[in-house]
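Biologist: Could you show me how to read a ligand site and a few backbone features in a model of this kind?

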Amino acid sequence: MTRVSEHLNRALHDLLAADPGVHVLGEDITDPYGGAFKVTRGLSGRFGDRVRSTPLSEGAIVGVGAGLALAGRKAIVEIMFADFATLAFDQLVNFAAASTSMYGRPVPIPLVVRCPSGGNRGYGPTHSQSPQKHFLGVPGLHVFEMSPFHDAGRLLETMLGLGRPCLLFEDKVLYTRRMYEDGVVDDLFRYEVTGGVARVFLEGAAEPDCTLIVHGGMVHRALAAVRDLLLEEDVVCELLVPSQLYPLPDLPGLERAGHVCVVEDGSEGGGWGAEVARVLHPRLWSTLRRPITLVASAPSVIPAAPHLEREVLVQPGHIRHAIMEALS
Amino acid sequence: MIDTFPPFASPRSAPPPAEEDLQLLLLIRHFELTLLRLFEAGQLSGTTHTCLGQEYIPVALKALLESDDFVFSNHRGHGHFLARHTDPHGLLAEIMGREGALCSGVGGSQHIYHRRFLSTGVQGESLPVAVGTALTLKGTGALTCVYIGDGTWGEGSVYEALNMARLWRVPLLVVVEHNGIAQSTPTTAQMAGTVAGRAAAFGIPHHRTVSTEIAEIRAELAPLVAEVRRASVPLVVEFATHRIGPHSKGDDTRTPEEIALAADHDWYTRYAGLFPEAFGRLDREMRELVERAAAEVSARPPSVWERP
Ligand SMILES: Cc1ncc(C[n+]2csc(CCOP(=O)(O)OP(=O)(O)O)c2C)c(N)n1
Ligand SMILES: [Mg+2]
């Protein structure tokens, strides 16, 4: 059994071992601390000053990463909490992303900015957000998210291979969960990964009543809802989990979906779900029976107290309720 | 963390701190220890940053601040708060998400706004805001006091704010708690030059104090703080201090020798040894007070919040 954080750690080890051009930067990432969530553990001991702990300078370290990339290296920058990626917004949007095309010719910027995101840990309003939506729709900027289905090594290779800046969101609760293996989720559900999209399905089921599209950090809550829907409501659901959130890749099998529901952990309004719906509505217009359902967290700050936080963030019950309402 | 501060900057023969100061020091100490204990017992969630070893800084400053002053705090802010408002119940209720919480349990340990006290969990964010509030205080005799750590000098906003503070001559007191470390990274690995040099670059007066004696600190700082109020100018006061506990909880990767070196500077063991009787009595009183507060607050119903 491999925890997601260990799996990411192994992928970083393998990547640095395989490619001497890869650098890793971030606050408190060197040993013995190994990063706030231990994802970079062991890297500095093994790879020396290609792995650097930095000052508290989110904007500048993303800029330094872009500079390393500009000069022919590959850079991975860890932002300790995704909330602080806002401090690097200028470097990401106006430099890293823009420079891939604003000089009239393609300029490769192989840069990955890793962002531990999400709540349900009681960390409070500035350490719990899922700010993916703020980075959507920026020309030249790709947004990815880790999931328990996607191989982190392949994901890092894909992102660096794009030659464009990428954000990689990693849900902080997901870190503590295990990677799924061998196509098995549990006693009922199976999964397969094709074209970077994981599909979770009920073995032997024909057409799902509803297809949920979720990002990696939402997988376990969506699975809990899907299980309850099956066992208690006799509703068959399928789950699609793309590792690339923006631009949205091709999602398989949606033409046969009875209904489509997008679930995201970010706060409601101007979110990823709206972007997914924008792409899917024209494509599925003739087969959709009703509008795509969007489920998001409340349009609210994320409280520190667990009883208040729980009400703001998407929980399995919210997903189940939204799907039952749409199907009724 | 290697540092060059002398182990005891203040003479061991200094007179005992005033009873009310010692009481406040001990209140903060037991508040922080109680939080760590509650965490270990699984009664608290999220995270917390205690100011163990650094309590004397806000206690010393307490007497130099006036009620109209703004105080901006950071992630390590429980001591800053308790030295400003002696309300351990309200703070504990905030951290535990119980009735009577200062901010309905929304902000938690790192995000508190109470009267003119405000903290945020994003490093460096508060300094420009502090300058804005200080602008409104120009000429009133009041000031804005903002606490930041040594590591926070990595953030660009700190410099943008210092520049404006000096240009516009605002009454801003920047209190730097230089404990030689930021989370796990020693200052030597993240700061080129010095805090003094950085203040000098903006033409802002800087004062460094190594004392941990409250009366001594107050005597040193009183005329400087008076000048901030009188002339409406910024001032950077840097405390050479020591974090004797973990950054948050259970995440101290310093060597036992480094931790022992930091603990050598602890006022708690020093006072316990120097004034055993007075210390022992107040220590017990404050420990019991916080224990009662914890029991009382834990028994309260969850906080209620009207979501906007
Ligand atoms: C913008 C930002 N980056 C990173 C963090 C995570 N973080 C919280 S405290 C801290 C270290 C702060 O060090 P310092 O300023 O020296 O204060 P100390 O903890 O020593 O009191 C870090 C990296 C944060 N809260 N905000
Ligand atoms: Mg520090």
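Modeller: We shall go through the ligand site, then the annotated domains, then some backbone features. This is a predicted model, in which local features need pLDDT of at least 70 and side-chain atom pairs count only at pLDDT 80 or more, while totals for chains, interfaces and linings use all residues. Residues are numbered from 1 along each chain as its sequence is written, chains are lettered from A and ligands numbered from 1 in the order in which they are written, and side-chain values use heavy atoms, with hydrogens and water left out.

Biologist: Which residues are closest to ligand 1, and why is the site described as shared between chains?

Modeller: A residue is near a molecule if one of its heavy atoms lies within 4 Å of it. Ligand 1 is surrounded by 22 residues, the closest being Glu58(A), His75(B), Arg76(B), Gly151(B) and Thr152(B). The site is shared because the surrounding residues come from chains A and B. By class, the shell has seven nonpolar, ten polar and five charged residues, where Asp, Glu, Lys and Arg count as charged, and Gly is among the polar ones.

Biologist: Which atoms of Gly121(B) and ligand 1 lie 2.8 Å apart, and how much of the ligand does the protein bury?

Modeller: A polar contact is a pair of N or O atoms within 3.5 Å. A backbone N or O atom of Gly121(B) lies 2.8 Å from a nitrogen atom of ligand 1, a backbone N or O atom of Ile181(B) lies 2.9 Å from an oxygen atom of the ligand, and a polar side-chain atom of Gln183(B) lies 3.5 Å from a nitrogen atom of ligand 1. Taken alone, the ligand exposes 580 Å², of which the protein buries 99%, with areas from the Shrake-Rupley method and a 1.4 Å probe.

Biologist: What does UniProt list for chain A and for chain B?

Modeller: Such annotations may be inferred rather than shown by experiment. The unreviewed UniProt entry for chain A gives "domain: Transketolase-like pyrimidine-binding" for residues 2-177, and the unreviewed entry for chain B gives "domain: Dehydrogenase E1 component" for residues 27-272.

Biologist: Where is Pro32(A) placed, and what is the phi of Asn120(A)?

Modeller: Pro32(A) is in the loop between β1 (22-26) and α2 (43-47) of chain A, helices (H or I, at least four residues) and strands (E, at least two) being DSSP runs numbered from the N terminus. A cis peptide bond, with omega about 5°, joins Asp31(A) to Pro32(A). Asn120(A), although not a glycine, has a positive phi of about 65°.

Conventions. Polar contact = N/O pair within 3.5 Å; in protein donor to acceptor, adjacent residues only side chain to side chain.
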